[in-house]
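User: I am new to this structure. Please take a close look at one part of it and walk me through what is there.

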Number of protein chains: 2
Amino acid sequence: MSSHRIEIRVKPRPGLLNPEGKAIHHALVSLGWTGVEDVRVGKVMYLDLDAPSPEAAVEAVEAMCRKLLANPVTEDYEVSVVGEAEVVG
Amino acid sequence: MSSHRIEIRVKPRPGLLNPEGKAIHHALVSLGWTGVEDVRVGKVMYLDLDAPSPEAAVEAVEAMCRKLLANPVTEDYEVSVVGEAEVVG
């Protein structure tokens with residue numbers, strides 16, 4: 001067993017309203033960035049997980065996404081391995 | 001000029017408290033995922049931007065991060081091009 005760092009990107013489904021993204025879009029245009037066409041905001045999570053292999057870690061994290069981390073009606077998720085977890089003192 | 005889709009990951013700096021990550025960690029352990037060692041939560045943003053090149057788009061988005069999208073004291077950010085923006089009808 002070793003520790004794997006997994007990145008999870010949870011994002012709003014296309015077509016759903018994203019008020020936080022809309023507010024950021026408006027602020028960027030007000031600051032002069034008029035080339036911005038759309039902003040959508042989701043969550044990124046970094047999870048350190050003890051697992052026998054990176055594949056097993058990803059499989060466990062996908063189960064976590066289905067059960068807790070993402071809303072299956074409104075959000076999509078993507079899971080990727082970003083490396084071994086750093087040892088924190 | 002064409003439209004580029006940029007992904008921005010804004011994450012809490014190492015060493016800073018991340019209460020949302022801690023709450024998720026606790027929930028995962030309660031659900032039986034005892035191999036989870038740490039969870040940290042940040043934001044992911046998808047920005048569609050009109051720019052002459054992907055490099056120019058990234059440069060503009062890094063300026064947006066410094067000025068608005070990330071808190072320079074508490075957060076780090078990473079910017080990457082994820083492709084041409086989809087044309088939404």
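A:Trp33 sits in the loop between H1 and E2 of chain A. Helices (H or I, at least four residues) and strands (E, at least two) are DSSP runs, numbered from the N terminus. The model is predicted: local features need pLDDT of at least 70, side-chain atom pairs count only at pLDDT 80 or more, and totals for chains, interfaces and linings use all residues. Residues are numbered from 1 along each chain as its sequence is written, chains are lettered from A and ligands numbered from 1 in the order in which they are written, and side-chain values use heavy atoms, with hydrogens and water left out.

What does A:Trp33 touch, leaving aside its neighbours within four places in sequence? Its contacts (heavy atoms within 4.5 Å) are A:Leu28, B:Ala60, B:Ala63, B:Met64 and B:Lys67. A:Glu55 is another matter. A:Trp33 and A:Glu55 are 22 residues apart in sequence, but 41 Å apart in space, C-alpha to C-alpha.

Now step back to the helix. H1 of chain A covers residues 19-30, 12 residues in total. From first C-alpha to last, H1(A) reaches 17 Å, close to the 16 Å expected at 1.5 Å a residue. That expected span is 1.5 Å times one less than the number of residues. Just after H1(A) comes A:Gly32, with a positive phi of about 110°.

Which residues of H1(A) are buried? They are A:Gly21, A:Ile24, A:His25 and A:Leu28. Buried means under 20% relative accessible area, exposed over 50%, and partly exposed in between (1.4 Å probe, protein chains only).

The buried residues of H1(A) pack against parts of both chains. In chain A, the partner is strand E2 (36-51). In chain B, the partners are strand E2 (36-51) and helix H2 (54-69).

How do the two chains relate? The same surface serves both copies: 100% of the contact residues of chain B recur in chain A.
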